[in-house]
Amino acid sequence: MSSLEHLQLESNGIRVHSVTQGVGPAVLFCHGFPGLWYSWRHQLPVIAEAGFRAIAVDMRGYGRTDRPMHAAEYGNQTIVADLTGVLDALGEEQ
């Protein structure tokens, strides 16, 4: 089993702390309030062992991900752009 890999990725104009494990099609884990990538620590190895690349992030404003100052920088479309940017930075095509 591969170990957890912690990454700081550039995505949508911010740095996003991401944790990956495994190889295969991507499964992206997103936490709600309050939470961090760590919320998924038990699921990551199970998903990786099943043949997937498990990816968990600290969402914008949380943990080791950047914290923009203005509330307008936390809208749904911005969050989606953050997550697709993470997948792009990891070289995921689907």
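Biologist: Which residues does Ile55 touch, not counting those up to four places away in sequence?

Modeller: Bear in mind that this is a predicted model, in which local features need pLDDT of at least 70, side-chain atom pairs count only at pLDDT 80 or more, and totals for chains, interfaces and linings use all residues. Residues are numbered from 1 along each chain as its sequence is written, and side-chain values use heavy atoms, leaving out hydrogens and water. Touching, or contact, means heavy atoms within 4.5 Å. With that cut-off, the residues that Ile55 touches are Val19, Thr20, Ala26, Val27, Leu28, Phe29, Leu44, Val86, Leu87 and Leu90.

Biologist: Thanks! Which residues form the largest nonpolar core?

Modeller: A nonpolar core is a set of buried Ala, Val, Leu, Ile, Met, Phe, Trp, Tyr and Cys residues joined through side-chain atoms within 4.5 Å. Buried means under 20% relative accessible area, with exposed over 50% and partly exposed in between (1.4 Å probe, protein chains only). The largest such core has twelve residues: Leu7, Leu9, Ile14, Val16, Ile55, Val57, Met59, Ile79, Leu83, Val86, Leu87 and Leu90.

Biologist: And what gives the most to this core?

Modeller: Helices (H or I, at least four residues) and strands (E, at least two) are DSSP runs, numbered from the N terminus. Those giving two or more residues to the core are strands E1 (5–11), E2 (14–21) and E4 (53–57), along with helix H2 (76–89). With four residues, the top contributor is H2.

Biologist: Why is one side of E1 and of E3 left without a neighbour in the sheet?

Modeller: The four strands make an open sheet in the order E1-E2-E4-E3, with mixed pairing; two strands pair if DSSP finds at least two bridges between them. E1 and E3 (26–29) are at the edges, so each is left with a single partner strand.

Biologist: What angle does the direction of H2 make with that of E1?

Modeller: Axes are lines fitted to C-alpha atoms, for helices over the stretch in contact, and angles run from 0 to 180 degrees between N-to-C directions. H2 packs on the sheet, touching E1, E2, E3 and E4. Its direction and that of E1 make an angle of about 115 degrees.

Biologist: How far apart are the end C-alpha atoms of H2?

Modeller: The expected span of a helix is 1.5 Å times one less than its number of residues. For the 14 residues of H2 that gives 20 Å, which agrees with the distance in the model, also 20 Å.
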